[in-house]
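I kept the entries in the order in which I went through them.

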Amino acid sequence: MKKIKIALEHIERFIGIAIGSFWGLGIVIFLFGNSSNPDNRMRNIAMSIFGTAFGIALVLHANYKRKLRNRADVYMMCIADNPSAKLQDIAAAMNITAEKAASELSRLIAKDYLENIYIDSGEGRIKIVEGTGRKLHTVNKCITVKCPQCGGDNNIAEGSTGNICSYCHAAIDR
């Protein structure tokens, strides 16, 4: 699905550049070309301006979608680094407020840039889910494990492997 979205962004950007360039060239031709009928000339210039604006709008929209996709990737990296992190922790890692993080995440979820994720406002956590519709169940249930080396408490996703201690970076085998 992500590859399709990326391909559509590229197509939209390409079409926007092509339309904007074609009509932008039309503006130059109609401004400096010979036209015996001034009414036709003004109509053609107006159409060219509209076409150029439409092309620019397509490029800007494709760039906006690319920024949303990139932001979703950043959130996914934060969530993957610490699946048990609270929304406040994710916001702090991204150097934004928790309210802004919740707003951005809600927008990314609504626009399907983040799938199988929801915000549990009761716990203040991001939940990764499996399934669709009404039969969602959380995947990232967390357990607390003591580090065998330093004794620090670490919250890790249940069933995960290759975990390291948040304090001393030792391997945690559970």
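Predicted model: local features only at pLDDT ≥ 70, side-chain atom pairs only at ≥ 80, totals over all residues.

Entry one, salt bridges. I count a salt bridge where a side-chain nitrogen of Lys or Arg lies within 4 Å of a carboxyl oxygen of Asp or Glu.

I looked up the pair of Arg69 and Glu9 to begin with, and found their side chains meeting at 2.8 Å, N to O.

I then turned to Lys65 and Glu12, whose side chains form a salt bridge at 2.7 Å, N to O. Here again distant parts of the chain are linked, with Lys65 in helix 2 and Glu12 in helix 1, 53 residues apart, and I record both Lys65 and Glu12 as buried.

I also checked Lys146 and Asp153, which meet in a salt bridge at 3.0 Å, N to O. Lys146 goes down as exposed because its relative accessibility is 56%, whereas Asp153, with a relative accessible area of 42%, is partly exposed.

Entry two, helix packing. I asked at what angle helix 2 and helix 4 pack. For helix 2 (residues 38-81) against helix 4 (residues 98-110) I have an angle of about 115 degrees and axes 11 Å apart, and the crossing is left-handed. On the helix 2 side I list Tyr64, Leu68, Arg71, Ala72 and Tyr75 as making the contact, and on the helix 4 side Lys100, Ala101, Glu104, Leu105, Arg107 and Leu108. Sorted by class, this contact comprises 7 nonpolar and 4 charged residues, with no polar ones.

I find 4 helices and 7 strands, and from the N terminus on the order of elements is α-α-α-α-β-β-β-β-β-β-β. Of the 174 residues in the chain, 30% are buried. The chain exposes about 11500 Å², of which carbon and sulfur atoms supply 59%. Taking contacts between residues at least 6 apart in sequence, I note that 41% join residues at least 24 apart.

Definitions and conventions: Residues numbered from 1 in each chain as written. Heavy atoms only, no water. Axes fitted to C-alpha atoms, helices over the stretch in contact; angles between N-to-C directions. Left-handed = near helix turned anticlockwise from the far one by under 90°. Contact = heavy atoms within 4.5 Å. Nonpolar A, V, L, I, M, F, W, Y, C, P; charged D, E, K, R; others polar. Buried < 20%, exposed > 50% of the residue type's maximum accessible area, 1.4 Å probe, protein only. Areas by Shrake-Rupley, 256 points an atom, 1.4 Å probe, with all protein chains shown as cover.
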